[in-house]
Amino acid sequence: EADTGNYGCNATNSLGYVYKDVFLNVLALAPEITDPPKREFTVDQRNVTMTCRVFGAPKPQVKWVRNQRELTGGRYQTLSSGDLFIRDVKFDDAGEYTCHASNKLGERQASGELIVKEHTVINDPPQDYEVEAGTTATFRCNAVADSSLELTIEWLTNGEVIDFDSQPRFIRTSDNSLMISKTIELDTGIYSCLAKTELDEVMANATLTVMDRPNPPTLERVICYGKVAKIEWTSNGDNRSPILNYIIEYNTSFTPDTWTLLTEDVPGTDLSWVVNTTPWNNYTYRVIAVNKVGRSLPSGHSEVCSTETSVPYKCPDGVEAECTEPNNLVIKWNPMAQVDHNAPGFHYRVYWRRNIPSGTWSSVDVRDWRQSSYTVEGLPTFTEYHIKVIAVNDRGEANSGPWDKYVYSGEDKPLDAPTNFTLIQVTGPSTAIVSWNPVTPESLRGHFKGYKIQTWTEADGEENLREVLITADAKQALITVLVPDSTNYARILAYNGRYNGPASTTISFDTPEGVPSTIQSLEAYPLGSSAFLLRWKRPLLPNGKLTGYKIYYEEIKGTTVGPRSEREPHIADPAVLEAKLGRLKPNSKYRIHVVATTKAGEGQDFHIERATSSSAGMPPDAPNFSWVTLHSDSRGLANVKMIWQPPLSGKPGSHFYMKYRLKDQSTWQTTDAELYENFQIVRGIDANRLYEFRAVSVDGDYETESATQEVDTYGYESSVPVDDNIATAGWFIGMMLAIAFLILVLIVICIVKRNRGGKYDVHDREMANGRNDYTEEGGFPEYSQPRV
């Protein structure tokens, strides 16, 4: 350090001198850490540099220590600047790092901290996508990062960040997907998903290929060779979807505004094709390219290719015949297109003859090529003919054989009815076996189709008869459309392709009762947690006299249906269309069946599935009730039927009981709770008294009373109409007898009045002699009036 000073150099010769000096400053400084380590943040699997910049003279030596161990070699490298470079950071690298700087004059140290977080990962990268132009392409990208870092996702196309504000077709969805609507060819390229945090970033790429229909081909030329033509074209690009095939279309001078498909089987690698032509035509062609996206626009049309005339190459197809009258034959065919005429003067030649050895051909020329039928009149009924139609033009008849067919002339009504139509046996409520003698073939006068058995009842009327079709070879049949428990009428007739024949004699027979059809509907209304009120509609087809209904039910657990139970007692009144089904488990699912019954047994099943509610009770809504006074018992006490009417649309309750008292009394009497029916009979109350009744709905521990109704037991009154025949009601018969008695009394009084008072011969004679002092009351006034 003592050598510090200014040093000079002086160079001289005979011509002069040169002087230069320099200042030498000899340093001797202990180490100083000018930029100490700090708290550094990084993610695993990345590289990180811990900073440590030092100054001193002589230059300090730097080493890094962690956990009292010097870090050298491997993933650790101390740089010339003093910094520590750590490669491929792991979570174990997190912690405190100390930088030591030393020279001969001393040493210094400083510490910093490395914090390692999870690196960002794209766990759902975008996938390469092929899409048709005009449709929507969607790239999905999902990433995860350390929970303490904010993750952002950006989208780039061809290395540039997408500006979603300036490109409205590009949309970033709420889940960070990229959606490109109405794609165009220019959207093809590489799309990148960039997921980044403040510590790291990761990118995934996918390629979008926008495919479009091919560009229209260029039709180069058409070479005509008489019966064929060669078409040549060039391709103008497939728009990223290989051409699969080409379509060739044509039009002619007959149809200049219509392009017709010629072929669509030209391979996508071919650029020429040979096609057939027909005579007497002017053809133009065009070509369409096809890839998996669709068809290109057509090419421009070709030059005209003209062909020479010739006879027709084919005859009309679809030759057939039908009849509109018994003595005619309508011969039909498919008209031929103008392109197949092959020469001027095109028309059809129609041939027909009887199919007998001596039959000769008759023919007629149909000049209108659009015509598709010809009617031959005056033929015998239902006779076999041989027909054919030939195409003809000015060059002659077609050079290919015609389509021919064997047909029959018109059908007429069959002449005979089946005979001996007989009932063999009634086999069931709607079935019976019948037999008959068949008709003769000569009487049919047409194609024999079989027999029709017609049946009806008086209730249906003959205009609503039912028909059963029977095959032509049958002599006996089972009728299955009869009406049970009715007198059925039946007849049989033969029929051909156009007409029904005359019917046989009509037979009648009775069928027994059958089982009913299903009820029309069924509803189940919950009553509390353990019951339903069932309501249904009677069967549409009783098939006899209904005797009542039966109700069955099964508990359903998952997919298992439990054993069937029957509600007791079954309903013996067919007019009853509702019932309560009780004794069920709360919060359980049931399959409920209702079947109607006749004397023949139970009808077809109708079922629904319903679940009961939970067992928690709740206050029911106020109920209503109706009542009917029943006949008194042997002790002269009255019986009243109470019908519970809970509000089914609200909270009806699970069951009910009745409260009643004599009017103006204070004490109420109660019945037992009715758990299984929706009605209750209150027995043994005083006759000829006025009572007050209330219905009480119950659900668990909750009860709700109805409004009070007055019920008298003076007669057979009721709050609802009683479904009795008025002609057999006792009160009606008594009233009619009383009216008859009163009328008889009035008639007797009138007769007596006529025979008393002024209504006899003496009275008339005295009136004639001038005595007129008789009163209008009648009697014998001459004994009570004074004499003059």
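**Backbone, rings and overall form**

Analyst: Let's begin with Phe382, which sits in the loop between β34 (373–376) and β35 (384–393). Strands here are DSSP runs of E, at least two residues long; helices are runs of H or I, at least four long; both are numbered from the N terminus.

User: Where do these coordinates come from, and what gets counted?

Analyst: This is a predicted model: local features need pLDDT of at least 70, side-chain atom pairs count only at pLDDT 80 or more, and totals for chains, interfaces and linings use all residues. Residues are numbered from 1 along each chain as its sequence is written, and side-chain values use heavy atoms, with hydrogens and water left out.

User: Cis peptides next. Which residues does a cis bond join, with omega about -5 degrees?

Analyst: Ala57 and Pro58. Pro58 belongs to the loop between β6 (53–57) and β7 (61–66). The peptide bond from Glu568 to Pro569 is cis too, with omega near -10 degrees. Pro569 is in the loop between β50 (565–566) and β51 (578–581).

User: New topic: rings. How many aromatic pairs turn up?

Analyst: The search of the whole structure gives 22. Rings of Phe, Tyr and Trp (its six-membered ring) pair if their centres lie within 6.5 Å; planes under 30 degrees apart are stacked, over 60 edge-to-face, the rest tilted.

Phe139 and Trp155 make one of them: ring centres 6.4 Å apart, planes at 35 degrees, so the pair is tilted. The partners come from distant parts of the chain, 16 residues apart: Phe139 in strand β15 (residues 137–139) and Trp155 in strand β17 (residues 152–157).

User: Are those two buried or exposed?

Analyst: Phe139 counts as buried, at 0% relative accessibility. Trp155 is buried too, with a relative accessible area of 0%.

User: What about Tyr660 and Phe693, how do their rings sit?

Analyst: Their ring centres are 5.3 Å apart and the planes are at 20 degrees, so this pair is stacked. Tyr660 is in strand β57 (residues 655–662) and Phe693 in strand β60 (residues 690–699), so the pair ties together parts 33 residues apart in sequence. Tyr660 and Phe693 are both buried.

User: Now Val275. Where is it?

Analyst: Val275 is in strand β27 (residues 272–276). At 5% relative accessibility, Val275 counts as buried.

User: What does Val275 touch?

Analyst: Lys227, Val228, Ala229, Ile231, Ile248, Leu262 and Tyr285, leaving out residues up to four places away in sequence. A contact means heavy atoms within 4.5 Å. From Val275 to Lys227, C-alpha to C-alpha, is 8.7 Å, across 48 residues of sequence.

User: And Gly401, buried or exposed?

Analyst: Gly401 is exposed, with a relative accessible area of 58%. Gly401 is in the loop between β36 (396–397) and β37 (403–408). Its C-alpha is 9.7 Å from that of Val389, twelve residues away along the chain.

User: Zoom out. What's the secondary structure count?

Analyst: Two helices and 62 strands.

User: What about the radius of gyration?

Analyst: The chain has 57 Å, while a compact globule of 788 residues would be near 28 Å. The radius is taken over C-alpha atoms, and the globule rule is 2.2 Å times the number of residues to the power 0.38. The C-alpha atoms fill a box of roughly 220 × 115 × 70 Å along the principal axes.

User: How much of the chain is buried?

Analyst: 38% of the 788 residues. Among contacts between residues at least 6 apart in sequence, 62% join residues at least 24 apart.

Terms used
Buried < 20%, exposed > 50% of the residue type's maximum accessible area, 1.4 Å probe, protein only.
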